[in-house]
Amino acid sequence: MPAEGGPATQHTYHSEGGTLESVAPDGRTALLRGLRDEPGFRPTRLIQVNLRKDAPERYLFNEKGTSARWLPDGSGVLFCREGEQLYRKGYRGPRASSIWHYHIESGRFTQLIKEEFEARSPMPWPDSKGFYYLSERDGCFNLFSRTMDGGNDEQLTHFKDDGIMLPSLSGDGSTIVFRRGFDLWTFRPGKDKEPTRLDVWQSEDLPDTTSEVRKITGTVDADFSPSGLEIVYKAEGELWAMDTVLREPNRITRTPGVEDDPLFSPDGEFIYYQYDDGIDANLWRLSRSDPDEFWWRAESFKTEQITHGPRQKRRFSLSPDGKQLAWIAGSGDLVIAKADGSDPRVLFSCWDPPTFSWSPDGQWIAFAAQDQNFNRDIYIVPTDGSEEPFNVSRHPDFEGSPRWSPDGRKIAFTGRRLNNEMGLFYVDLRLDEAVRSTRVRKELEAEEIMREDPSYQQQDSESEDDEPAAEVMDDPRTKRRPEEDQVTKNRLRIDFEGLSDRVVRLNTRGIEPERVLWSHDSEHLLFQSKNSTNDTLYRMEATPSAKMESYDDHRGLPIRDTDEALYWIVDRAPAVLKKGKLKRYPISSRMVRDRTAHQRLCFRTIWRTLRDRFYDPEMNGLDWDATRLKYEQAAADAPDSRTFDRVVAQLLGELNASHLTFISEDWPEPWENEGAEFQTTRHIGIRFQRHSAGSPMTVGHVIADSPAANCSPRIEVGDTILRVNGHRVDSSVPVHRFMNGRMDRRIELAVRDADGVEHVHEIEPISYEKATLLAEAEVVAENRRKVEELSNGQLGYVHIARMFWDEFEQFERQIYAAGHGKSGLIIDIRDNGGGFITDHLLTVLCQPRHAVTIPRNGNPGYPQDRKVYASWHKPLVVLCNENSYSNAEIFAHAIKTLKRGKLVGVPTAGGVISAAKDRILDAGTLRVPFRGWFLPDTGEDMEMNGAVPDIVVWPDPNDLIQGKDTQLEKAVDVLLEDVATQVETRFVPKYRNR
């Protein structure tokens with residue numbers, strides 16, 4: 001559009017989009033950065049768009065490029081390759097951005113700056129003899145100046161903290177405008193000694209986004225009063241009370257923070273809850289100013305803070321008698337105190353938060369906790385701390401969610417012990433219970449039923465009057481020793497000897513259980529399936545041969561089971577299941593939320609989550625409290641989620657760590673292009689070859705296994721494209737003219753082959769994302785062919801795209817397919833973004849050879865069915881690059897540490913931290929790096945220390961655009977040398993009688 005204003009003209013229509021990078025000096029061509037159908041890691045291309053007419057878009061060159069700027073004389077383009085996240089501070093490593101020059105006439109590339117730190121944002125001088133750029137070589141992004149021949153490299157600014165980002169040079173080259181922190185600055189090279197901060201204001205009345213009306217339609221966090229007649233629940237961060245008749249919500253808290261986990265005390269006098277202001281999260285309790293007033297009608301309340309300090313308190317629970325309170329503090333300490341929070345003491349310390357359950361007498365706690373090897377087991381500990389925790393489950397896999405039965409005789413829990421599936425288990429805490437036969441159990445059950453017979457009740461009454469009580473105790477099943485009575489009086493009895501051996505697995509018939517709850521009589525377990533599409537509530541008797549049965553056909557969050565009803569939450573509403581009938585209590589209300597306060601809370605929660613969980617307790621040497629204050633107000637004032645995201649990204653960038661991302665929920669609701677589904681740019685698997693304007697368009701390439709590749713007769717390279725959906729096309733027609741449309745509509749393609757024969761094909765289109773995946777598979781096949789050719793058939797090639805299980809299964813198959821009859825194997829982990837399968841790969845590649853077998857008339861070998869996986873003992877080389885990341889780097893480090901083979905390529909990214917996802921209220925999802933990885937011999941942190949290849953080979957764009965893979969070629973050479981020097985000793989068996 002004209003600079004002075006006027007109508008805007010649309011120039012691009014490709015649904016994959018693009019970002020404007022630069023405009024050519026003559027104003028006729030724009031340069032976009034975008035993704036199309038090229039394979040690889042972040043395979044952005046620089047795309048030329050004609051600004052004078054509707055013409056086909058064209059690659060400037062078919063290789064990666066970002067931050068492109070045309071030289072004012074039009075002879076070339078400066079651009080960047082690679083690069084870390086915009087807001088990350090202090091990265092040093094192979095992924096640091098480098099600056100290149102592309103010479104248009106020769107089509108050659110020249111590397112101008114490549115250092116271990118970032119060099120980005122090149123801005124050519126008006127005379128094209130040099131350029132300005134940003135570099136972090138002094139520890140902060142500052143502005144530098146440099147001539148094209150590499151001379152006169154001069155630092156122009158000297159910021160020490162927040163660096164420069166997103167600079168822009170004026171058309172006459174006199175002034176640079178840039179962002180720093182939350183401000184805009186200007187700098188005039190050759191005139192200014194220091195940059196000047198701009199004062200920016202606006203005179204427009206902007207929409208008020210400081211508050212918003214929230215409609216409340218449900219909850220996932222509620223509790224029923226002891227009588228079951230009142231309900232407390234959490235919604236929009238506040239607590240509400242409601243009865244079960246009028247169902248009129250009464251808001252009982254009004255704070256800038258979040259109230260969570262409401263819980264009635266057993267006497268109904270208090271409501272316990274967690275209050276979280278984003279910095280501290282402590283436990284409070286609420287009582288009515290007038291104890292005789294109903295909760296749902298009360299207007300005045302007393303609040304009492306019962307825990308203190310900065311460590312987060314969560315997962316709290318009252319003892320059954322309401323006299324004690326337990327909670328998790330900090331990263332995972334199990335703490336117990338009196339109900340008012342006094343006399344707190346740590347019962348068990350852990351790095352990860354346990355789950356726990358009280359015994360009915362309140363004198364024991366069962367909990368599930370992880371050890372330093374990340375194995376979670378079930379433990380029992382007395383609440384007075386007089387004994388060390390006892391490991392109940394003792395199994396090298398996951399056990400969790402312990403549930404103590406109401407009668408105190410059993411503990412149920414879930415565990416992963418068979419086929420990696422979650423199962424349901426229980427253990428009898430008393431030996432006499434465990435050894436009871438089914439017959440004895442049935443007999444006791446029959447006795448219990450018969451006691452309801454009035455005639456036997458009368459006999460029992462007469463017996464009590466006429467006979468001494470001691471006579472009743474003669475039954476060996478009920479007789480107790482005096483010392484046992486004393487133990488039972490003081491503390492619930494547990495027979496620890498052989499306890500772990502008494503664990504029983506229940507047959508849940510393939511259902512992986514969750515949300516486990518004991519029935520009130522301790523006879524049955526209620527549970528649901530982990531499969532969220534399964535709405536059945538199951539019931540199962542806690543006996544070894546019990547059968548599972550359907551108890552209800554609703555899915556919900558259990559609260560408690562009583563002799564009258566099951567209290568739970570169904571479809572986001574508190575509910576009661578009584579005598580097979582479900583009664584829901586739907587919630588409906590509105591409230592005005594302070595948007596600014598809420599965003600402040602969300603930002604603080606992100607900050608605190610990192611404070612408490614980031615793998616480095618020193619927080620990268622930062623003053624983390626000062627860092628919060630630096631960004632908090634900007635986050636609170638953010639007018640939309642995109643702005644909030646940018647502020648959070650700056651916070652994350654301070655930590656200079658990998659695996660740090662925040663993905664927000666969009667607000668306000670984003671604009672949607674109505675009818676966009678009718679204008680999707682579709683793909684059929686053909687890359688078109690364009691010639692001079694008006695001349696025919698031909699098939700430049702057919703992607704293997706794409707829809708076009710499966711046509712009959714075959715579509716071949718060089719075939720002429722005649723018509724698409726009946727419309728004639730030639731080299732001057734842009735792709736959107738004939739490929740934009742609905743994905744669910746076939747495309748009619750008419751081509752003429754080399755013999756002049758016309759063929760018409762009906763083709764199902766695919767997305768550009770699918771075309772990219774097919775193109776990546778095509779590259780793998782081509783690499784395998786190259787290795788076969790370069791090694792004269794001696795070497796095999798296996799590519800691992802991701803460190804996930806499906807890739808491992810494919811890898812194990814390829815050991816036979818690609819490695820069959822080969823003397824060496826190239827394993828390619830370039831552009832591998834990570835996962836978790838390193839140890840499985842090493843099991844394949846490093847299996848110990850402890851024996852040799854020879855069948856009658858056979859040769860030496862080893863039974864495959866005795867191995868954990870297929871194995872590879874021959875030489876290998878691992879290909880890695882700067883985009884080998886996370887678990888792929890761990891694999892590369894392991895190959896070097898174990899001296900299993902050589903690495904060839906580029907040092908890996910230096911991004912090795914285990915990360916987990918945390919939900920941040922309703923703002924979004926934070927990825928938190930919580931576990932560091934270190935080399936076993938040196939103790940070196942793998943984060944920021946990538947695996948360095950034995951042979952370093954940097955790729956050159958001049959080779960890449962010609963299809964030359966110098967890293968792969970070097971890997972073949974290195975592996976052939978290793979194969980040639982490999983000494984193979986012929987195995988000679990020594991039979992016992994020879």
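Cys880 counts as buried, with a relative accessibility of 0%; here buried means under 20% relative accessible area, exposed over 50%, and partly exposed in between (1.4 Å probe, protein chains only). The structure is a predicted model, in which local features need pLDDT of at least 70 and side-chain atom pairs count only at pLDDT 80 or more, while totals for chains, interfaces and linings use all residues. Residues are numbered from 1 along each chain as its sequence is written, and side-chain values use heavy atoms, with hydrogens and water left out.

The closest cysteine sulfur to that of Cys880 belongs to Cys846 and lies 16 Å away, too far for a bond. Cys80 is likewise buried, at 1% relative accessibility. Its sulfur is 18 Å from the closest cysteine sulfur, in Cys140, which is also too far for a bond. A disulfide is a covalent bond between the sulfur atoms of two cysteines. With a disulfide taken as a pair of cysteine sulfur atoms within 2.5 Å, a search of the whole structure finds 0.

The protein as a whole has 994 residues, of which 47% are buried. Its C-alpha trace spans about 115 × 100 × 60 Å along the principal axes. The protein contains 14 helices and 62 strands, these being DSSP runs numbered from the N terminus (helices H or I, at least four residues; strands E, at least two). A contact requires heavy atoms within 4.5 Å. Among contacts between residues at least 6 apart in sequence, 53% join residues at least 24 apart.

Helix α10 (residues 805-817) and helix α11 (residues 838-845) have axes that come within 10 Å and cross at roughly 10°. The axes are lines fitted to C-alpha atoms, for helices over the stretch in contact, and angles run from 0 to 180 degrees between N-to-C directions. On the α10 side the contact is made by Trp805, Phe808, Phe811 and Ile815, and on the α11 side by His840, Leu841, Val844 and Leu845. By class, this contact of α10 with α11 has 7 nonpolar, 1 polar and no charged residues; Ala, Val, Leu, Ile, Met, Phe, Trp, Tyr, Cys and Pro count as nonpolar, Asp, Glu, Lys and Arg as charged, and the others, Gly among them, as polar.

Charged side chains pair elsewhere. The structure holds 65 salt bridges, each a side-chain nitrogen of Lys or Arg within 4 Å of a carboxyl oxygen of Asp or Glu. In one of them, Asp54 pairs with Arg737, with the closest N and O atoms 2.5 Å apart. Asp54 lies in the loop between β3 (45-50) and β4 (58-59) and Arg737 in helix α8 (residues 735-739), so the pair ties together parts that are 683 residues apart in sequence. Asp54 is partly exposed, at 33% relative accessible area, whereas Arg737 is exposed, at 56%.

Arg214 and Glu236 also meet in a salt bridge, at 3.2 Å from N to O. Arg214 is in strand β17 (residues 211-216) and Glu236 in the loop between β19 (230-235) and β20 (238-243), so this pair ties together parts 22 residues apart in sequence. Arg214 is partly exposed, with a relative accessible area of 22%. Salt bridges link Arg214 and Glu236 in a network with Glu212, Arg593, Arg595 and Asp922.
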